[in-house]
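Student: Could we go through this model together? I would like to start with the overall picture and then turn to single residues.

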Amino acid sequence: MSVTIRPYITNDTQAILTIINYNILHSTALYDYNIRTLEQQKAILEDKIAKKFPVIVAELDGEVVGFGMYSEFRFREAYKFTVEHSVYVDQNQHGKGIGKLLLKELIDLAKNQNIHTMIAVIDAENQSSVHFHEKFGFTTAGIIKESGYKFDRWLDSVFMQLILE
């Protein structure tokens with residue numbers, strides 16, 4: 001298995017959309033209710049790139065099997081050195097180290113952009129993501145109780161942070 005991490009290109013949008021929409025429908029990884037269209041997803045990705053934020057993909061045997069990105073944490077000027085990131089891997093590819101490769105690359109890119117703090121916002125039920133982030137040095141900064149509502153239940157958000165040095 002040879003996974004390649006590379007910058008996103010427009011042709012990757014459909015594969016990213018498939019991963020996103022699966023998570024919208026079947027998980028609490030995204031607090032969205034409605035699946036996205038190809039045009040909506042493309043606009044989201046292009047907006048990040050236009051703002052000089054990276055979007056990267058993991059490719060296995062010529063197929064996109066995961067992606068990662070980061071962008072503004074908040075929209076005030078003083079937050080310009082803090083980003084919120086996302087890493088998603090195709091549900092059939094979990095446990096193969098793809099997420100690790102993506103997050104490592106995002107951390108390296110953030111350091112190169114002089115980002116000071118990376119934030120992960122994770123549904124509290126997703127303890128595998130919490131533990132995944134801990135392996136990279138992220139620590140829990142706080143938990144916001146009942147901040148989301150999906151699948152007929154209240155969800156807690158775990159805020160984790162990594163201060164880059």
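**Surface, fold and selected residues**

Tutor: The chain has an accessible surface of about 9400 Å², and 51% of that belongs to carbon and sulfur atoms. Accessible areas come from the Shrake-Rupley method with a 1.4 Å probe, and for residues only the protein chains shown count as cover.

Student: What should I know about the source of the model?

Tutor: The model is predicted: local features need pLDDT of at least 70, side-chain atom pairs count only at pLDDT 80 or more, and totals for chains, interfaces and linings use all residues. Residues are numbered from 1 along each chain as its sequence is written, and side-chain values use heavy atoms, with hydrogens and water left out.

Student: How many helices and strands are there in the chain?

Tutor: The chain has 4 helices and 7 strands, where helices (H or I, at least four residues) and strands (E, at least two) are DSSP runs numbered from the N terminus. Their order from the N terminus is β-α-α-β-β-β-α-β-α-β-β. The radius of gyration is 15 Å, close to the 15 Å that the globule rule gives for 165 residues, so the chain is as compact as a globular protein of that length. That radius is taken over C-alpha atoms, and the rule is 2.2 Å times the number of residues to the power 0.38.

Student: And what does the C-alpha trace span along its principal axes?

Tutor: The trace spans about 40 × 40 × 30 Å. Of the 165 residues, 42% count as buried; buried means under 20% relative accessible area, exposed over 50%, and partly exposed in between (1.4 Å probe, protein chains only).

Student: What about contacts between residues at least 6 apart in sequence?

Tutor: Of those contacts, 61% join residues at least 24 apart, with contact meaning heavy atoms within 4.5 Å.

Student: Changing topic: how far apart are the mean positions of the positive and negative charges?

Tutor: The mean positions of the 17 positive and 21 negative charges are 4 Å apart. Lys and Arg count as positive and Asp and Glu as negative, without His and the chain ends. Each charge is placed at NZ of Lys, CZ of Arg, CG of Asp or CD of Glu.

Student: Now helix H1. What is the distance between its end C-alpha atoms?

Tutor: The end C-alpha atoms of H1 (residues 13–26) are 20 Å apart, which agrees with the 20 Å that 14 residues should span at 1.5 Å a residue. The expected span is 1.5 Å times one less than the number of residues.

Student: Which residues of H1 are buried, and what covers them?

Tutor: Thr13, Ile16, Leu17, Ile19, Ile20, Asn21, Asn23 and Ile24 are buried. Their cover includes helix H2 (38–50) and strands E2 (55–60), E3 (63–72), E4 (82–89) and E6 (139–150).

Student: Where is Tyr33 found, and what does it touch?

Tutor: Tyr33 is in the loop between H1 and H2. Not counting residues up to four places away in sequence, Tyr33 touches Ile24, Tyr149 and Lys150. Tyr33 is exposed, with a relative accessible area of 54%.

Student: And Tyr79?

Tutor: Tyr79 lies in the loop between E3 and E4 and is partly exposed at 29% relative accessibility. Leaving aside neighbours within four places in sequence, Tyr79 is in contact with Phe73 and Arg74.

Student: What is phi of Asp61, and of Phe151?

Tutor: Phi of Asp61 is near 50°, a positive value in a residue other than glycine. Phi of Phe151 is near 55°, also positive. Most residues other than glycine have a negative phi.

Student: Are these two buried or exposed?

Tutor: Asp61, in the loop between E2 and E3, counts as exposed at 70% relative accessibility. Phe151, in the loop between E6 and strand E7 (153–163), counts as partly exposed at 38%.
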